[in-house]
Amino acid sequence: MREKELPIKLVVNGVPWEGTAPAEMTLLRLLRERIALTGTKEGCGIGECGACTVIVDGRPVPSCLMLAVEADGCQVRTVEGEVRDGELSPLQQAFVEHHAVQCGYCTPGMLMSAQALLERNPHPSDEEILEAIAGNLCRCTGYAAIVAAIRACADGAPPPTGAQRPETNGEEVSRD
Amino acid sequence: MTAPQYERPNTIDGVVSLLAENSGDAALLAGGTDLLAQMRSRLVRPGLLVDVKGVEELRRLEQTDAGLSIGAAVILNRILEEQDRPELAALVQAVGELASYPIRNRATLVGNVTNASPCADTVPPLCAMGASVELQGPRGSRRIPVVEYITGNRETRRAADEVATQVTVPPLSRGTWSGFRKRKRVRGHDLALASVALLRDPERRRLRLAVGSCTPQPCLVELDDMYDRPDVDEANRRVQDGIHPIDDVRASIEYRRDMVEVMIRRLFVEMRG
């Protein structure tokens, strides 16, 4: 028995899409299964890994925690939309140059989080870069190459001062 | 399992009617960052999802005579973007450490409160600030202080046919200082294994300490009697008496107690300037 589906109209990567989806279908599944945009990945399905990150109405969001129907009327950007006229975006190019891709599974979500960062803050500090991608887990690269790629795209950013050693939670825990 | 239905009313009355008609089987949907994860894990199986984001008044984040009013549909990042008053520091710090930036583009403050996880980051600052929740239902509206609204692990005073429409932070005295600390296992997205909020209000001579992730219901300790001579050892003793943390995947009882003490000490140092 096919459950009743809800009508949905949205714009994906500048292209209008119209269709239906069951109430409980996530935006992630809609993108992958009904719009055939499989760049966006499912890593955990509960909003903790960031592999599903897309940009909705200008904001990066976890698409596994959004219902498709909630995206009705929205502008959605996925990683497929970052290539323009056959050219990689500057950020994508930087990921290539800095070896920020290994298995590639975190990459679409990482790119969307980072691209959204650069659009709202063209000159992020290293701290701001780390905060922006804190919701995107990578099991392969150890993050350094990803941060370097993003830093390279931050116009006029000061040159990196060397490897950063993150302290526990950013401050030392002591009893004094 | 039958698939849920979805409705998106555009008035509060519409929300209340749907809740009343579907007694107990409807779930309110704002950010969905808790609800969808719970549905995914099959912890809840609502027959109806009532999306509150279609109600314009619930999207308001505004100063009123009653204080800062945060509507049910206001996402957490808007609080970071639009509120920079120093008296709200503890709340802004807590919001800034909640989950991750993309999650905060969906998750709402009211949702964080009414989901009522003992680890909720916004709850300790809201309790220290004396914030309250407004509920609307078929029997009218009522306002309950956050510290009383949450009664246990994911339990609140909200009836099944009521909707939490806003959280209000009452006007804080000029010169109010507040701070927040959250202890996590990692530097990124993680729940608090323990958290502490401290507030000092010089006009009302209030000193309030709230602790998160260490009790099923909110833990608020009033230290007004030591306002003139804050005694961090005594404050810590009172807090340690009032919390009963558990062992879980994030931390042991001992570590939580230890970290609560460290965070209290650091906040007292910060408060002294």
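How many residues of domain 1 of chain A are in contact with domain 2 of chain A? In this predicted model, local features require pLDDT of at least 70 and side-chain atom pairs count only at pLDDT 80 or more, whereas totals for chains, interfaces and linings use all residues. Residues are numbered from 1 along each chain as its sequence is written, with chains lettered from A and ligands numbered from 1 in the order in which they are written.

The contact between the two domains involves 14 residues of domain 1 of chain A and 13 residues of domain 2 of chain A, two residues being in contact if their C-beta atoms, placed from the backbone, lie within 7 Å. On the domain 1 side, strand 3 of chain A gives the most, with 3 residues. The residues of this side divide into 7 nonpolar, 5 polar and 2 charged; Ala, Val, Leu, Ile, Met, Phe, Trp, Tyr, Cys and Pro count as nonpolar, Asp, Glu, Lys and Arg as charged, and the others, Gly among them, as polar. The domains span residues 6-82 (domain 1) and 90-153 (domain 2) of chain A, with bounds that come from an automatic or database domain assignment. Taken over C-alpha atoms, their centres are separated by 21 Å.

Chain A contains 5 helices and 5 strands, where helices (H or I, at least four residues) and strands (E, at least two) are DSSP runs numbered from the N terminus. Their order from the N terminus is β-β-α-β-β-β-α-α-α-α. Strand 3 (residues 53-56) of chain A pairs with strand 4 (residues 59-62) of chain A in the antiparallel sense over 4 bridges, pairing being assigned if DSSP finds at least two bridges between two strands. Within this pair, Thr53(A) is placed opposite Pro62(A). The two strands form a hairpin with 2 residues between them, and Asp57(A) in the turn has a positive phi of about 45 degrees. Of the 176 residues in chain A, 43% are buried (20 or more other C-beta atoms within 10 Å of the residue's own; exposed, 12 or fewer; partly exposed, in between; C-beta atoms placed from the backbone).

In chain B, an open sheet of 3 strands has the order 1-3-2 with parallel pairing. Strand 1 (5-7) and strand 2 (26-29) of chain B are the edge strands, each pairing on one side only. Direction ignored, neighbouring strands are turned by 25 degrees against each other on average. Strand 2 of chain B pairs with strand 3 (residues 48-51) of chain B over 4 bridges in the parallel sense, and Leu29(B) stands opposite Asp51(B). Helix 1 (residues 12-21) of chain B packs on this sheet, touching strand 1, strand 2 and strand 3 of chain B, and its direction makes about 165 degrees with that of strand 3. Axes are lines fitted to C-alpha atoms, for helices over the stretch in contact, and angles run from 0 to 180 degrees between N-to-C directions.

The contact between the chains takes 23 residues from chain B and 30 residues from chain A. On the side of chain B, strand 1, helix 2 (35-40), strand 3 and helix 5 (101-104) each supply at least two residues. This side has 10 nonpolar, 7 polar and 6 charged residues. Gln38(B) lies in helix 2 of chain B. With 17 other C-beta atoms within 10 Å, Gln38(B) is partly exposed.
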